[in-house]
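Please keep the sequence and the structure in view while reading.

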Amino acid sequence: MKLASILLAGLLVLPSLTADAAAAAATEKKIDDLLGRMTLEEKIGQLNQLSGFGYDPAMVGRINAGAVGSILNEVDPVTVNKLQREAVENSRLGIPLVFARDVIHGFKTIFPIPLGQAATWNPALVEQGARIAADEASSTGVRWTFSPMLDISRDARWGRIAESFGEDPYLTTVLGTAMVRGYQGDDLSKPNTMAACAKHFAGYGYSESGRDYNTTWIPEPLLRDVVLPPFKAMADCGAATFMCSFNDINGVPSSGNRYLLRDILRGEWGYDGMMVSDWGSIQQMIPHGYSADLRQAASQAINAGVDMDMEGYAYVGHLKDLVESGEVDMATVDEAVRNVLRLKYRLGLFDNPYVDEKTANRFYLPQSLEAATRAVEESAVLLKNDAGVLPLASDIKVAVVGPMADAHHDQNGTWSFDMEKNRSVTPLESLRDIYGKDKVIYAPGLKHTRDRSTDGFAAALDAARKADVVIAFVGEEAVLSGEAHSRADISLPGAQSALLKELKKAGKPVVTVIITGRPMVIAGDLDSSNALLYTFHGGTMAGPGIANVLTGRAYPSGRLPNVLPRMSGQLPIYYARKNTGRPAAEMTLIDDIELEAGQTSTGCTSYYLDAGDGPLFPFGYGLGYTTFSYSDPVLSATEITPDGTLTATCRVTNTGSRDGAEVAQLYVRDLVGSLVRPVRELKGFEKVILAPGESREISFTLKAADLGFHRLDNTYVVEPGDFQLWIAPNSAEGTPVSFKIVH
Ligand code: NOJ
């Protein structure tokens, strides 16, 4: 850039920066003024978040006394306004409340669970979903959502994997940032926005053995390179709030973790948003064995940097005494209150505290339903399609089988508090719309996904015999994933796998559609199926979205946001693993071991005798109705310095005969490091739509500075040496090219 244009760009940017800084300074002055007028009790009140029970006299009394700062779970706009009036007009200082709700994958129009949204690899679509959620929820007065969840999730036993963007920090960062943009828009003070909440800070996804709330041990390099990057991105993009996590991390519960909450978040990252506890998590430091009683827990939490106590009664119960006895500084309380008030100013609540009851309902708008349908389509991952069974022809008779075919409630997945199940359209309904009622023979076979009774199998097999194709909708009910819903065995529950086997007896092509909340073990089910479409709880429009993909009205373009294991015993499993000192080149699997074979005869390499050394499907995997080819990547240089950049380019071509979307994925490996590096790490991706025969050049620019890692002493280094780079359709394919980082 020439000097003149740099100056011009500077001039254009400068006035708005100054205006922002001036507005921020004015807000801080208003907060100073309020803080100067608040009693200690009123300050503590701002740090207290309670769950709502309507227009409840006890709650009204607390609000009038200035003893509540935020209410969660109140979604009736009339009640919201009545409660707000009590705060604004009938409390001494008139500080507005902020109303919060878990709007995690939609409010009324339910989108696919976050794991499904991750499978779209489409940040624009994720942003649009969050915008719609904010528009719907804010129309009831909810201005704060506890989303996005950014916990890197590599153990599919953990039920909360459903709420995550999967196993990879880069994908999670990109999609999390998009979600925040969608919720918060470009101006958080607009009444149709919601403050985002980056959660759970931090390490919750590493809950030992996938059991919820369990302990975590996370060494510093793993914390810094995998767990924290998405959170750092949230601080950088202005996510208005953070939530700490339930787990202890290296022995210290997050709610009392000064290192995470103060040293890293506030100190290193300069975050000035607000930190809320998780539900009762301050109090839960007692059963953790970190606090002797609620008083100590309150002291540990506020000193660690938890600003607001969600339903824990620790601050209202004990902070006054702790300040008066000198165990907690008034300055610490003031800082927490400042963070809460700053959030309320940023939301524009002081100027505009009430929700407009007249325009309250912006639910299920046609464009919202259309976006939700597209999200379902793009989140569907095609894993098998033998002999081109899919897409289905239009002039056939289909047997619709399985407990998830017509599950109005369960297709919505976890966190759909506000959904109305009669608004969800099921696959059965959509297929009837498409084929006509008499061309669809419905026999569920099982009543629900945990059903073990085979009583319905005969009718299902009969339906299969009468049809040209069987579509079996199996998976998990909503309640089998999400918070506190971990499973030790992540195969299809109940008699679903047996049902799939039974259906094969009809001799008709079996198309299996999995509708689930997690990556599952499906190796056997894959064998029972001619085609398999893997989908996640899709929400309101799961039916139309899936039916469109099955019938070719849309094409599958989802890619796995987690590897799919062969067996539960492989968990945790993820693509960015280390190579080990004895990687398995050849494997003798359990059935091939000779009787009385010598102990070392299987080669002494790193694999399971029964599951091999890898997953069933790799991260990033997914088929379409067409095929793509990749040219070898071409690099702009083969050597770069640690402050340099590299461009990698390749050509992707649609080599098949149908339209399709391909997700080109950029991976890098640092071959030798002073700490052992993963075999591959995702560094970029792009989803492109190509017509048959069409090709597109795809370019990624990599900064050498982004190819470093944290050492055990916590320093970040970009080490010189040899690297490999792939542009590939998934984490297991592609031809690598080499480059070096040189000093
Ligand atoms: C507990 C969950 O861990 C958190 O994610 C959620 O936002 C809160 N409860 C509030 O419901």
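A pocket is searched for on a 1 Å grid over the protein atoms alone: it is an open set of points with protein on both sides within 12 Å along at least five of seven lines, whereas a cavity is a set of points where a 1.4 Å probe fits but cannot get out; lining residues have an atom within 4 Å of a point. Grid points are joined across faces, edges and corners, and a volume is the space filled by probe spheres set on the points. The model is predicted: local features need pLDDT of at least 70 and side-chain atom pairs count only at pLDDT 80 or more, while totals for chains, interfaces and linings use all residues. Residues are numbered from 1 along each chain as its sequence is written, and side-chain values use heavy atoms, with hydrogens and water left out.

The second largest pocket has a volume of about 640 Å³. Its lining consists of 28 residues, and Y574, Y575, R577, D613 and G614 are the closest to its centre. The lining of this pocket has 15 nonpolar, eight polar and five charged residues (Ala, Val, Leu, Ile, Met, Phe, Trp, Tyr, Cys and Pro count as nonpolar, Asp, Glu, Lys and Arg as charged, and the others, Gly among them, as polar). Because domain 3 (580–607) and domain 4 (628–741) both give residues to the lining, the second largest pocket lies between them. Domain bounds come from an automatic or database domain assignment, which also gives domain 1 (20–98 + 333–360) and domain 2 (369–550). The C-alpha centres of domain 1 and domain 2 are 46 Å apart.

The largest pocket holds about 1200 Å³ of space. It is lined by 46 residues, with P169, R224, D225, V226 and P229 nearest its centre. Among the elements that give two or more residues to this lining are α7 (169–184), α9 (229–237) and β22 (681–690); helices (H or I, at least four residues) and strands (E, at least two) are DSSP runs, numbered from the N terminus. The largest share, five residues, comes from α8. By class, the lining of the largest pocket has 24 nonpolar, eight polar and 14 charged residues.

Which residues are around the ligand? They are D102, F146, R160, K199, H200, M243, F246, D278, W279, M310, W415 and E483, where a residue counts if one of its heavy atoms lies within 4 Å of the molecule. This shell has six nonpolar, one polar and five charged residues. A polar side-chain atom of R160 is 2.6 Å from an oxygen atom of the ligand. For K199, a side-chain N or O atom lies 2.7 Å from a ligand oxygen atom, and the side chain of H200 likewise has an N or O atom 2.7 Å from an oxygen atom of the ligand. On its own the ligand has 300 Å² of accessible area, of which the protein covers 95% (Shrake-Rupley method, 1.4 Å probe).

H200 is in strand β5 (residues 197–201). Another cis peptide bond joins F201 and A202, with omega about 0°, and A202 is in the loop between β5 and α8.

The whole structure has six cavities of 30 Å³ or more. The largest cavity contains about 100 Å³ of space, and of its 13 lining residues Q46, I63, G66, S91 and I95 are the closest to its centre.

Notes:
A polar contact is a pair of N or O atoms within 3.5 Å; within protein, one must be able to donate a hydrogen and the other to accept it, and residues adjacent in sequence count only if both atoms are side-chain atoms.
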